[in-house]
Amino acid sequence: MAYNVLVVDDSQTMRKVIMKSVMISGFVVGEFLEAGNGLEALEILKHHWVDLILADINMPLMNGLEMIRVLKKEDMFQNIPVVLITTEGSEKRLEEAYALGIKGYIQKPFHPEAIRDILNRIMEETCV
Amino acid sequence: MFEEIQNAAVSVMTHIFETMFFTFLEPEEENEKIPLLSRNSMPLLKGEIGFRGDYSGCLKFYLPLGLAKTMASNFMGLRSEEVSDFQAIDTVNELCNMVCGNLFSQMDKRSVWDLALPRTHLISNEELERDRKEPRIMIDFDAEGQPIRLIIQIDPEGIQRTKRE
């Protein structure tokens, strides 16, 4: 089965690196979708089926945590797994993110193996 | 406080360069009379990012466009000649984000730090000289023969508050 992955980061370069890391990890991707902030991501979600969201926190217009708050209020989107890939390392902010329902967290800088391990875990949980 | 920040900055910079840009970084000796950056003849980029938490201030990075392109090429797995100026600038913005985010969370995991959006632009040697004279922590690095400078400025009010505490 192939999964559609939405990558949300204001850095186009980082989006490419994340997509490459996901490909290297062996995760089977149907389609990659890209957004530069939370608002763009919500717009994409209205028109595309997405199985997994990989999102940064610090972005213009709508940050990652604000985006997750909106997702969790929408029946259509609240069950899409979200993994944060961010420079944020503060325990308080991560506690806030987990309370909002994120499925995982990867701190930049990261090795592709970190992405592989989290994606494998999430997909195993989803299939059980 | 400054020494703690300086040591953490060296550790974070070294880790990020090795992990994301596959480049080894060495801090230059403080007694180096003419730092690598001053001997550089290529166009210079300045990346900066503000932060706010227990204290506030900003981080500034100075590096030649050539090094930014090498970093972008290693980061994205492209050949150097395939990297655009936009991608080089975007990579420096990401460097600002990663160093700032990791630096303060490494020093204190319980505090929450808000980061501004990073911005990067070309600068003149005059601006480089002017910034060097401002009060700050300044660390010069040798990135496999290419220079990069990190300046950390902390608002005086923040320093006073920390001293009182």
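The legends below describe close-up views of a predicted model. Local features were required to have pLDDT of at least 70 and side-chain atom pairs pLDDT 80 or more, whereas totals for chains, interfaces and linings use all residues. Residues are numbered from 1 along each chain as its sequence is written, with chains lettered from A in the order in which they are written.

**View 1. The open sheet of chain A has five strands in the order S2-S1-S3-S4-S5, paired in parallel.** Strands are DSSP runs of E with at least two residues, helices runs of H or I with at least four, both numbered from the N terminus, and two strands pair if DSSP finds at least two bridges between them. Strands S2 (29-35) and S5 (104-107) of chain A stand at the edges with a single partner strand each, so one side of each is left without a neighbour in the sheet.

**View 2. Strands S3 (residues 52-55) and S4 (residues 82-86) of chain A pair in the parallel sense over three bridges.** Within this pair, Ile53(A) stands opposite Val82(A) in S4(A).

**View 3. Phe61(B) is among the residues with the most contacts inside the largest nonpolar core, together with Leu54(A) and Val99(B).** This core, of 65 residues, is a set of buried Ala, Val, Leu, Ile, Met, Phe, Trp, Tyr and Cys residues joined through C-beta atoms within 7 Å, buried meaning that 20 or more other C-beta atoms lie within 10 Å of the residue's own, with C-beta atoms placed from the backbone. Helix H4 (residues 85-107) of chain B gives the largest share of the core, 10 residues.

How values were computed. A residue is buried if 20 or more other C-beta atoms lie within 10 Å of its own, exposed if 12 or fewer, and partly exposed in between; C-beta atoms are placed from the backbone.
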